[in-house]
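Let's take a walk through a protein chain together, one piece at a time. Have the sequence and the 3D view ready, and look for each part as we reach it.

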Amino acid sequence: MPQTIPLFPLSIVSFPGEKVNLHIFEPRYKQLINECHEKNLTFGIPAFIDKKIMNYGTEMKVVEISKTYDSGEMDIKTLGLQPFKILEIYKAKGDKLYTSAEVDFMETEADADESLKLQIKEKLVELFGHLGIQKELKSYNSFDIAHYIGMTIQEEYELLTKAAENERQVIVLNHLERIIPVIVRAQ
């Protein structure tokens with residue numbers, strides 16, 4: 001069921017479950033964050049790529065306002081909740097300084113393919129070995145590792161648009177199969 005939420009477009013892709021720290025300094029976003037914090041509302045971070053608000057983003061919750069400056073600027077901690085698709089964008093109007101949008105929340109499926117998961121884990125161990133990274137791989141999904149495997153913002157965005165984990169796994173595995181030989185040659 002569509003819902004209207006405030007938008008905070010950024011040149012990043014945020015994922016469900018991801019913790020994102022932000023420094024808020026523009027008046028419109030100070031207003032947005034203050035309203036969300038005071039009323040326990042969520043907002044959306046759609047990806048802003050090539051000077052354009054993309055159609056997909058992630059609903060975010062303000063977890064904490066860590067610091068407030070004399071200027072009204074603030075440092076905040078947020079948490080990604082669920083991806084959404086923008087249906088319609090509404091320009092700021094009335095006393096609202098920020099843009100909002102009607103969005104449709106995506107149901108992400110946790111339908112991981114165990115064979116793909118094993119292949120991804122093997123590739124991650126290989127990648128981390130080449131990079132000298134010691135990291136224990138426990139339970140994870142595609143969103144959890146996307147920022148750590150050298151994906152471009154466009155590749156991360158493509159991942160966000162997929163509702164099914166097995167589709168995301170294919171994207172991650174294909175990326176790892178492309179990037180590891182590049183790293184090996186570079187070494």
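This is a predicted model: local features need pLDDT of at least 70, side-chain atom pairs count only at pLDDT 80 or more; totals for chains, interfaces and linings use all residues.

Residues are numbered from 1 along each chain as its sequence is written, and side-chain values use heavy atoms, with hydrogens and water left out.

Now zoom out. The protein chain has five helices and six strands. Those names come from DSSP runs, numbered from the N terminus: helices are H or I with at least four residues, and strands are E with at least two. Taken along the principal axes, the C-alpha atoms fill a box of roughly 55 × 40 × 30 Å.

Back to the strands, and who pairs with whom. Two strands pair if DSSP finds at least two bridges between them. Strand β4 (residues 52-68) runs antiparallel to strand β3 (residues 42-49), and seven bridges join them. I49 stands opposite K52 in β4. This pair also forms a hairpin, with two residues between β3 and β4, and D50 in the turn has a positive phi of about 55°.

On to β5 (residues 74-90), which is joined to β4 by ten bridges and runs antiparallel to it. Which residue in β5 is the bridge partner of G57? That's F84, while T58 has P83 as its bridge partner in β5. Strand β2 (residues 19-24) also runs antiparallel to β5, with six bridges joining them, and N21 stands opposite K77. Then comes β6 (residues 100-105), again antiparallel to β5 and joined to it by six bridges. Here I86 has V103 in β6 as its bridge partner.

Next, the helices. Two packed helices are described by the angle between their axes and the distance between the axes. The axes are lines fitted to C-alpha atoms, for helices over the stretch in contact, and the angles run from 0 to 180 degrees between N-to-C directions. Helix α4 (residues 153-160) packs with helix α5 (residues 165-186) at an angle of about 155°, their axes 9 Å apart. That makes α4 roughly antiparallel to α5, because angles over 145 degrees get that label, while those under 35 count as roughly parallel, 65 to 115 as roughly perpendicular and the rest as oblique. Helix α2 (residues 114-131) packs with α5 too, at about 30° and with axes 10 Å apart. So α2 is roughly parallel to α5. The α4 and α5 crossing is right-handed, and the one of α2 and α5 is left-handed; left-handed means that the near helix is turned anticlockwise from the far one by less than a right angle, and right-handed means clockwise.

Last stop: the largest pocket, which holds about 240 Å³ of space. Of the 15 residues lining it, T4, I5, P6, Y98 and S100 are the closest to its centre. (A pocket is an open set of points on a 1 Å grid over the protein atoms alone where a 1.4 Å probe fits, with protein on both sides within 12 Å along at least five of seven lines; lining residues have an atom within 4 Å of a point.) Strand β1 (residues 3-6) gives the most to this lining, with four residues.

How values were computed:
Grid points are joined across faces, edges and corners, and a volume is the space filled by probe spheres set on the points.
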